[in-house]
Structure formats: structure tokens, C-alpha cells
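Hi there,

Here is the structure I promised to pass on to you. Have a look at it first, and then read on for what turned up in it.

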Amino acid sequence: MKSFAGIAALAALAANTVSGHYIFQQFTASSTKYSVFQYIRKNSNYNSPVTDLTSNDLRCNVGATGTGTDTVALTAGQSFSFTLDQAVYHQGPISIYLSKAPSTAASYDGSGQWFKIKDFGPTFSGSSSTWPMQQTYSWTLPTCIANGEYLLRIQSLAIHNPWPAGVPQFYISCAQVKVTGGSGSAKPTTVSIPGAFKQTDPGYTANVSRSRHD
């Protein structure tokens, strides 16, 4: 029989592990903050990360479909924000992508092409770096994108446990947006998800515990 102390220690470890996880769950358009998962697809893995680089779950997270998710109207050039259940806990870049739906965002599985509109990276000072480990991340829709419905995807790539000794973690959410007022002049470089991220990527293998001069 396991001792009470042993069980308590395991429970504490599990709690600490979960507390180090997080999920983007709330969307803001300009200054209007909406209900949790109103415009963001709700995942089924609580706040756990995705680690399989070949999985379709890298698009919008595990179990995250358009069923029951509303689509928010945005104007090109409008500001938006993603808010987490708690501040980002792990170092690594925060990236925002768009993928245009063939018809509605709610019916789109993200199997088309994606393009990046923002990276939140580190600030360097001498041999040290500081990552923007926030609870809310804000940006602006490009004015040059085409009108239509999109998946607006945000990811936190947690690189505290880099490949090959460990496995980096992707914390992902997708909002469903309908864009008007765009010029349609953009011709961005696009990628497929999965497929955009590889084990040999510098950002996937970076060791944030080492100084820049190691």
C-alpha cells in the first residue's frame, strides 16, 4: 500500500505539471472582450500541449472544430487579442497565423495554406534574453489581406525542453473570423500545418538555458 505522503507527493507533482500548462481561450476585437471560447474553438485536452509534428492537431489543437463556435466580424487593420487562462509559463516564441477558408470558417478544417502575420520573440541584453511571457497578446489584422472567412491561429512554442533530449510543446488555439475591408494585395509565403515545423528547425532545437556565448 502506498503511503499517504507518497500519494500526496504524486498529487502535488501532477498539480504542478498542469499548472505549467495554459490555453488561449478568450478573444478580443478592438476593446470588446468576448466570452471564453465564444469565437475560439474549444479543445478537448484541457490546457495540455501538442507535441506530434505530424498531427493535424497542430492546426487548432486537439478536438478543436468549428462546431458550436461563432465567427466574429473584423475589419482589415483592426486590432485583436488572445487571452490565456494564465500567463505563458514557458519560454519560446508566440506566433500568429491566418488561413483563408474555402467557404465558412466554421466548416474549415485548416487543411489549406497558412501564412504568418506576427512573431513575438525575445529581447536580448548582453548574453541574456527575456521572453514576452504574458497573459494577453495583441496585434492588428493586415490591411492587405483578401476579404473572407479565416482561421486566426495563435501558438506558443515552448522550448524549455528542446529536441533531441526533450520534446518542445505547442500550445495552440484558433479563432474564427470574417474579414472585410482588405485590399487583397498580399501575396504571402504560405505553409502547410502539419509540415511547417521540423525537428531540425533552429527554434525547435534551441536551448534557452544556455547563454548566447556558450
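Cys60 and Cys174 form a disulfide, with 2.1 Å between their sulfur atoms. In case the term is new, a disulfide is a covalent bond between the sulfur atoms of two cysteines. The link joins distant parts of the chain: Cys60 sits in helix 2 (residues 57-60) and Cys174 in strand 11, 114 residues apart. The angle about the S-S bond is -85°, and the link is left-handed. Please keep in mind that this is a predicted model, so every value here is computed from predicted coordinates.

Cys144, in contrast, counts as partly exposed, at 27%. A search of the whole structure finds 1 disulfide, and that is the link of Cys60 and Cys174.

Strand 11 pairs with strand 3 in the parallel sense, over 4 bridges. Within this pair, Thr75 stands opposite Thr180 in strand 11. Now look along strand 3 (residues 72-75), where the side chains alternate.

Next comes a sheet. Strands of a sheet pair through backbone hydrogen bonds, either parallel or antiparallel. Which order do the strands take in the open sheet? There are 4 strands, in the order 2-1-4-9, and the pairing is antiparallel. Strand 2 (32-33) and strand 9 (136-140) are the edge strands, each pairing on one side only. Strand 1 (residues 24-29) and strand 4 (residues 79-84) run antiparallel and are joined by 5 bridges.

Last, the charged side chains. How many salt bridges does a search of the whole structure find? The search finds 1. Here the side chains of Lys116 and Asp119 meet, at 2.9 Å from N to O. Lys116 counts as partly exposed because its relative accessibility is 40%, and Asp119, with a relative accessible area of 38%, is partly exposed as well.

Happy exploring, and write back with any questions!

Best wishes

Technical notes. Residues numbered from 1 in each chain as written. Predicted model: local features only at pLDDT ≥ 70, side-chain atom pairs only at ≥ 80, totals over all residues. Heavy atoms only, no water. Buried < 20%, exposed > 50% of the residue type's maximum accessible area, 1.4 Å probe, protein only. Helix = DSSP H or I, 4+ residues; strand = E, 2+ residues; numbered from the N terminus. Pairing = 2+ DSSP bridges. Salt bridge = Lys/Arg side-chain N within 4 Å of Asp/Glu carboxyl O. Disulfide = S-S within 2.5 Å.
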